[in-house]
Amino acid sequence: MADRRTHGRCEQGMTQGPGEILDLIRSGNVTTRGGILAETGLSRATVAQRIDALIDAKLIRGAGDDGVTGGRRATRFAFDPDTVVVAVALDLYRARMAIVDAHGRVVADRGLVLDTTEGPERTLGIVLDTASTLLAEEDIAAERLGAVGISLPGPIDPATSRLLEPPTMPLWNGWPIVETVRDVFDVPVYLENDADAMAYGEWAASGAEPGLPWIGVKLSEYIGAGLIIGGRIYRGLDGGAGDIGHVDVGGVRTCRCGRVGCLATVASGDAIVWTLRAAGVAVEDFPTLIAQLEAVSSSEPAVLDAVRAAGEAIGRVLAAAVGVLNPAAVVLTGELAVSPVIAAIRSAIYGASVPRATRHLTIRAGELGGDAALVGVARVALDDLFSAAQVNRRLTNP
């Protein structure tokens, strides 16, 4: 998960601490003393001091030479902390957990079956016990754990880092999740909305240019979107950015949020199941629907008609977002990101958008599958832990 931000020569007078040097090395853009000197304009003595501080902190190491054939070979430096993070992707009735190293590689992972409707205390107890067990099984010492990142299916208030009136998890409203986790693991804790985490994971894996807007859409029992602007998650003032599931599309069913007509009531996985049951089609629950969609050739026409209608409704809402943001990509993730739904979404977006807004637009399924939220929330934690500001703070005030 190397930082994909682009770098240019630093502006005159800009402070360049060890964190900025690490940023260059971690990006892979500059890996030698000579390259750092040229990129930053710092003196040799200052660069040497910064590099020594990073080596002493075990954030970088020498990694051989740069392959120069004549003269003195230049030592390359590699980003290589011995740090791991615990990443958790929490959904309503299940969770994925992984131990991820500083490069974003999964060291170990585990799936959990749980019920978040039982409340945060019981659910987090299971999650934290499992994380402790997984760390012990991998023989990872406590001092190696750098952070815990958790994605959740609900809006998160940026000011308080607490779920804010989550329609699907009402018992979690305002619960001190960060404090609960820190009672067990005394490390920074990062919370993200699941759609935001999925979008960021897909964006990070794609190698997309940071300056190009992205929209990631979670299509599952419920619907949400994550916005990536300037290479960062755009959360909005109160954490509600991308909450397309509650856009009014004129339906008649009451949503879990208490309003009537939300997109989630006509186009989510749960809504499709409800529609098919009302029409007399044998669909027990959302997993049953997915199983039918995975065997499209044997699906009843009513099932395909229902998911296509849902895709069209989602596409019309996304067309408005495309018109506002003019993004480079709309990336579709989750169990409902199957070919009939994607085709319907693509058709609706192109049909409801002016050509100028879509001429360079890519609309596609995600690449990470069920790992998108794990990758995204791990990346959030790692990018902050090893950001220039955080590294400078740690090395200046050890």
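**Briefing: side-chain pairs and buried residues**

I36 counts as buried, because its relative accessibility is 0%, and this residue belongs to helix α2, which spans residues 33–40. The model described here is a predicted one. It holds two aromatic pairs and 18 salt bridges, and the points below take up both aromatic pairs, some of the salt bridges and a few individual residues.

**Surroundings of I36**

- With neighbours within four places in sequence left aside, the residues in contact with I36 are I21, I25, V30, G41, V47 and I51.
- Between I36 and E284 there are 248 residues in sequence, and their C-alpha atoms are 60 Å apart in space.

**Aromatic pairs and charges over rings**

- The structure holds two aromatic pairs, and in one of them the ring centres of F79 and F386 are 5.1 Å apart with the planes at 85°, so this pair counts as edge-to-face.
- That pair links distant parts of the chain, since F79 lies in strand β2 (residues 75–79) and F386 in the loop between α13 (372–385) and α14 (388–396), 307 residues apart.
- Both partners are buried, F79 with a relative accessible area of 7% and F386 with one of 3%.
- Y200 and W203 form a stacked aromatic pair, with 5.7 Å from centre to centre and 10° between the planes.
- Y200 and W203 are separated by about one helical turn, because they are three residues apart in helix α6 (residues 194–206), and each of the two is buried.
- The ring of F79 also has the charged end of R26 sitting over it, 5.4 Å from the ring centre, while R253 lies over the face of W274 at 4.1 Å from the ring centre.

**R50, a buried charge**

- R50 is placed in helix α3, residues 44–56, and although buried it has no salt bridge, the nearest side chain of opposite charge being that of E20, 6.5 Å away.
- A polar atom of the R50 side chain lies 2.7 Å from the backbone oxygen of Q16.
- Apart from neighbours within four places in sequence, R50 is in contact with Q16, G17, P18 and I21.

**Salt bridges**

- D82 and R144 meet through their side chains in a salt bridge, at 3.2 Å from N to O.
- This bridge links distant parts of the chain, with D82 in the loop between β2 and β3 (84–90) and R144 in the loop between α4 (120–137) and β6 (145–152), 62 residues apart.
- R144 is partly exposed, with a relative accessible area of 26%.
- The side chains of E335 and R94 form a salt bridge at 2.6 Å, N to O.
- E335 lies in the loop between β13 and α11 (339–352) and R94 in strand β4 (residues 94–101), so the pair ties together parts that are 241 residues apart in sequence.
- E335 is partly exposed at a relative accessible area of 29%, and R94 counts as partly exposed at 28% relative accessibility.
- K218 and D194 form a salt bridge whose closest N and O atoms are 2.5 Å apart, and it joins strand β10 (residues 214–219), where K218 lies, to helix α6, where D194 lies, 24 residues apart.
- Both K218 and D194 are buried.
- Salt bridges with shared partners join D91, R94, D194, K218, E221 and E335 into one network.

**Surroundings of T333**

- T333 is in strand β13, residues 329–333, and counts as buried at 5% relative accessibility.
- Leaving aside neighbours within four places in sequence, T333 has contacts with M198, E202, V217, K218, L219 and G366.

Terms used. Residues are numbered from 1 along each chain as its sequence is written. This is a predicted model: local features need pLDDT of at least 70, side-chain atom pairs count only at pLDDT 80 or more; totals for chains, interfaces and linings use all residues. Side-chain values use heavy atoms; hydrogens and water are left out. Rings of Phe, Tyr and Trp (its six-membered ring) pair if their centres lie within 6.5 Å; planes under 30 degrees apart count as stacked, over 60 as edge-to-face and the rest as tilted. Helices (H or I, at least four residues) and strands (E, at least two) are DSSP runs, numbered from the N terminus. Buried means under 20% relative accessible area, exposed over 50%, partly exposed in between (1.4 Å probe, protein chains only). A charge sits over a ring if NZ of Lys or CZ of Arg is within 6 Å of the ring centre and within 35 degrees of the ring normal. Lys and Arg count as positive and Asp and Glu as negative; His and the chain ends are not counted. A salt bridge is a side-chain nitrogen of Lys or Arg within 4 Å of a carboxyl oxygen of Asp or Glu. A polar contact is a pair of N or O atoms within 3.5 Å; within protein, one must be able to donate a hydrogen and the other to accept it, and residues adjacent in sequence count only if both atoms are side-chain atoms. Contact means heavy atoms within 4.5 Å.
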